Amino acid sequence: MRPLMIFAAGLGTRMRPLTDRLPKPLIPVAGRTLLDRALDLGRDAGAGPVVVNTHYLGDRIAAHLAGRGVAISDEPGTILDTGGGLRQALPLLGTDPVMTLNPDVVWTGPNPLAALNAAWRDDMDALLMLVPLARATARQGAGDFALDDAGRIARGGDLVYGGAQIIRPDRLADIPDRVFSLNRLWDRLIADGRAHGIVHPGGWCDVGYPGAIPLAEELIHG
């Protein structure tokens, strides 16, 4: 089993007014909340332990998860961003490579976490699941990465980070800031040639704003 961190601490600003009273991870898509869809992926990939971080309306998320064997890493004062949030949760996750997942994404096709586990090698410090920009439903903006022949990632290109990865957490200790994005760590790993990626063959939708919900539901229903 591999530990899983689900990032659920964001403010959901782009999802307003839906997030005025509901945290974005609890927004339903095709009858199931985004957070439950993320938990389904983790369960099906054999994840454990599972940790969810919280901030905005975190009590609603904690109540939703009560009794389900999911640990909460609350960020009550300042949102720590993905890097700071992952580092705070490490006492609950351990020191081995950890899967992370953004819940505001809908996937179809192969389970991205299971695919990452199957592709992981000991010479990697990070393995990101990527989606071609042309298949990135509701994506706003350009691509994030390119892949070389050895599967290493570089900045630029037409591949979008899909919101799922495996990453070694030990080098988080090298970053002195309390609040920081995992982009900081990725840049260090890219420079060392230790950051890799694979391309997801299925469907993907960024459920980041209200108009993306019907697009995600169309993707789910085929």
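Are Asp104 and Lys24 buried or exposed? Both are buried, meaning under 20% relative accessible area, with exposed over 50% and partly exposed in between (1.4 Å probe, protein chains only).

Some ground rules. This is a predicted model: local features need pLDDT of at least 70, side-chain atom pairs count only at pLDDT 80 or more, and totals for chains, interfaces and linings use all residues. Residues are numbered from 1 along each chain as its sequence is written, and side-chain values use heavy atoms, leaving out hydrogens and water.

Back to that pair. Asp104 and Lys24 form a salt bridge, with the closest N and O atoms 2.9 Å apart. They link distant parts of the chain, 80 residues apart. Asp104 sits in the loop between E6 and strand E7 (105–107). Lys24 sits in the loop between E1 and strand E2 (28–29). Helices (H or I, at least four residues) and strands (E, at least two) are DSSP runs, numbered from the N terminus.

The structure holds 15 salt bridges. The term means a side-chain nitrogen of Lys or Arg within 4 Å of a carboxyl oxygen of Asp or Glu. Another one joins Asp125 to Arg168 at 3.2 Å, N to O. That pair is 43 residues apart. Asp125 counts as buried because its relative accessibility is 10%. Asp123 also bridges to Arg121, at 3.0 Å, N to O. Asp123 is partly exposed, at 37%. Arg121 is partly exposed too, at 38%. Arg32, Asp40, Arg43 and Asp44 are linked in a salt-bridge network.

Now helix H3. Its buried residues include Gly83, Leu86 and Leu90. After H3 comes Gly94, with a positive phi near 95°.
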